[in-house]
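The following exercises are to be worked with the sequence and the coordinates at hand. Each task is followed by a solution in steps.

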Amino acid sequence: MASSYFSKSKALIMQNLKSRKFLTLGFVNRTSSVTTSQFPPHLIKTISFPPLPARNYESSSRINSSIAFARCFASVSGGRGAHTATSVSDDVDQFCTESPSQEVDFPGGKVKFTPKLTFTSKTIEERVPCYRVLNENGDLIIDSDSVEISKELAVKMYTDMVTLQVMDTIFYEAQRQGRISFYLTAIGEEAINIASAAALNINDFVFPQYREAGVLLWRGFTLQEFANQLFGNKYDYGKGRQMPIHYGSKKLNYITVASTVATQVPHAVGAAYSMKMEKKDSCTVTYFGDGGSSTGDFHAALNFAAVMEAPVIFFCRNNGWAISTPVRDQFRSDGIVVKGNAYGVPSIRVDGNDVLAVYSAVHQARKMAIQEQTPVLIEALTYRAGHHSTSDDSTKYRSLDEIEWWRGDQNPVKRFRKFIENKGWWSEEAESEHRSNIRKQLSQAIQAAERVEKPSIGDLFSDVYDASPKNLREQESFLRKNIEKHARDYPTDVPL
Amino acid sequence: MASIFQGVGAATALSSSTSFDTKKFQLSSRRSLSERKPSFVVVRSSAAKKDSGSSRTGGRADHLVTNAVATKSENPAASTASKPGHELLLFEALREGLEEEMERDARVCVMGEDVGHYGGSYKVTKGLAEKYGDLRVLDTPIAENSFTGMGIGAAMTGLRPIIEGMNMGFLLLAFNQISNNCGMLHYTSGGQFKIPVVIRGPGGVGRQLGAEHSQRLESYFQSIPGIQMVACSTPYNAKGLMKAAIRSDNPVILFEHVLLYNLKERIPDEEYVLSLEEAEMVRPGEHVTILTYSRMRYHVMQAAKTLVNKGYDPEVIDIRSLKPFDLYTIGNSIKKTHRVLIVEECMRTGGIGASLTAAITENFHDYLDAPIVCLSSQDVPTPYAGTLEEWTVVQPPQIVAAVEQLCR
């Protein structure tokens, strides 16, 4: 590579370092014995760099040099902490009391040696337990950790879950009737959608995959706004440019859905980084499925977030299926929760069909993320009770019985309903009233959205850049001339 | 293109290293191998310095500089210490522009591999981490797709990141994020979220860096809607384009060249920002329009010296803006000279030259007296062996021969 790699800049950097507490990853000089060497920290990425005087360092004359403290400059505001997940605690200054030959400082930290030639196990002895608050009957299990919620909050969560369910059913039907081109439901994942949204703040940016319309619903997106996007009419905030269910709302801090799988996960880390730099009292949340956890973006994003100590909540909706691929064909680890562990990210597994469990977990995760400036991973176990989308018929690869079972009492809406009914906060009348109310609103919204005209031709060319460049203006005028020439072939509901 | 080969016997200076029809290739290869001129160094030649110096005047008071016009044959002795401004190398000019923008706007940040503590593998970000902290100049793990994605996410929520690819070729790993998200999200969100990122890095054929580190990514990226591409070639335009790219609300890809980082030039002390969509007139002329960018500019200027001695008057334009093309400047030139030669480093197939040829043919066909000639690299991976590598890149003798052929 270019000669600049080996320039004298490293000496310059050493002089400029102001922090007292940094110790850098360094190549350990393995020729000298571990016990007697007094080498000060080296900078990585240099070759045979001579030892520098130890004036700037917390010099214990020992092995501190190669402990993996994160390098950081004291002058940084909003910088990163000096400790990484792998760093040994402060009492490393002392040599360990065991005989020295049992531990060596490799880059990355001290490691104990073992004479046993054993590999870690392939099979999972015991799976990570799953946090749950309500049982199938909606009763509280013996629980002291969950967050207390008020009647108002509980009822709002429940009604929004019902709205989501009804909305999904009716829009799905609309697609079947040919009124919209595509739809994707969140049936079976209502608790994940609503409870996680409820535990967040409006300032927390959401980076969704595509099965999180409920989060938008909770934040205040109206049924009419949903319908406008599905019909791609001129009131759609996306100006008719995306497929149905690719919602996005700047005012509700919900980033527009992109069809690419898990590309939003690194976006969320970047946004969290931006919040960390600006010291905001908010975090970012990103959702993805079990399938999304196989992508490269997921792994690198988790890794980055851990290294950068970014305040991001990774929410994995492990619903058992990635279109037709069951989780056994997706990964062989114990789900996704252990992957967070592997990257040094605090993780938890929760019952995704339990509203209170999801709410409590996200509530706690948010606190951790912001106060401790750490990423958090939540794996919510659930079941995709609907088809992948309107382009899918899941009975082709799974049994109807299985689907029906999950739509039964395991259904998160039913479970939570039992809870609030036991508390006396809900009733059958309220249920039927709410459902018929939503159905009416939905049919009005659909009819209204259907009648609104589509975005104009100009919207085909705008927003590609901030200002329209010459070639696009030319292309637009060419198109318009064509339309004039062949006016009879041009659709009547697309304005010019 | 056929007109070049009418006098194959005469055109011995045409080495076989440029990309022609295979039939002609075989014909000319034997002969031109033996008559090939020895290689020369482009980067530090005084000719380069002089020519880049001729492209701007000193003591500019304006902040926005458009279309820097070259004055012919500027005496190099005149560009001495008495001129205002300060001298620096191209990578320092990039750093100066970057630092000024980071100072000006606290939302500007840098992320990439080894940009922080190490100062960047080409030292463009040297010293910035000490000054602004290692969060604002962020060292990332090795996952180009993901840190590009991170930059996009940060941009959507208010920052203005500069994403550095250690080598442009590595950004092939980031293609998904650049094409599907960076270029698209402003459009698909209905204009709700903007992505003001700058993606930059060194590319092009270096000195024996091997095939994987000699990629010309401008070929691959040019089709992505929603992004802009610019290529810098002198310290002056490097700083100006860097600043303009950072201030732009569109995603901009800034192409630097591995071999141009140590170019020295005197640049103004005052602040200036160049336009992202304008080409640079390097040398006005009458006989032929030579369009080029990045390192090939220097090969063209080297050839121009020879051409002037032979009595030709080439007009040399550094197109700088690779997407969109500055067809205004280019068109005016073509209307004057009626002949076009494109000299690029991209492969023949699907490169910038190919697109430029199409654009010129579409728009200025009536003004052309001869078919457009495009000199590019061959459609081969760049070999490691120095001699072979040199043959993949267009050399000044070929440019001279092409102009002679064109101006018959």
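**Exercise 1: A strand and its partners**

Five bridges join strand β3 (residues 108-112) of chain B to β5(B), and the two run parallel. The model is a predicted one.

Task. Determine which residues stand opposite B:Glu164 of β5(B) in β3(B) and in β6(B), and whether the residues of β5(B) are buried or exposed.

Solution. 
1. On the side of β3(B), B:Gly112 stands opposite B:Glu164.
2. Strand β6 (residues 198-203) of chain B also pairs with β5(B), in the parallel sense and over three bridges. Here B:Arg200 stands opposite B:Glu164.
3. Strand β5 covers residues 160-164 of chain B, and five of its five residues are buried.
4. B:Arg160, B:Ile162 and B:Glu164 point one way from the strand, B:Pro161 and B:Ile163 the other way, and all are buried.

**Exercise 2: The sheet as a whole**

Solution. 
1. Strand β7 (residues 228-231) of chain B pairs with β14(B) in the antiparallel sense over two bridges, and the bridge partner of B:Met229 in β14(B) is B:Lys323.

**Exercise 3: Cysteines**

Task. Find how many disulfides there are over all chains, given that the sulfur atoms must lie within 2.5 Å.

Solution. 
1. For A:Cys283, the nearest cysteine sulfur is that of A:Cys316, 17 Å away. A:Cys283 is buried, with a relative accessible area of 0%.
2. For B:Cys109, the nearest cysteine sulfur is that of B:Cys182, 14 Å away. B:Cys109 is likewise buried, its relative accessible area being 0%.

**Exercise 4: A contact between chains**

Task. Explain why B:Thr188 counts as buried, and list its contacts beyond four places in sequence.

Solution. 
1. B:Thr188 lies in helix α7 (residues 185-188) of chain B.
2. Its relative accessible area is 8%, and the cut-off for buried is under 20%; B:Thr188 is therefore buried.
3. Leaving aside neighbours within four places in sequence, B:Thr188 is in contact with A:Gly238, A:Arg241, A:Gln242 and A:Thr256.

Note on methods
Residues numbered from 1 in each chain as written. Chains lettered and ligands numbered in written order. Predicted model: local features only at pLDDT ≥ 70, side-chain atom pairs only at ≥ 80, totals over all residues. Heavy atoms only, no water. Buried < 20%, exposed > 50% of the residue type's maximum accessible area, 1.4 Å probe, protein only. Helix = DSSP H or I, 4+ residues; strand = E, 2+ residues; numbered from the N terminus. Pairing = 2+ DSSP bridges. Contact = heavy atoms within 4.5 Å.
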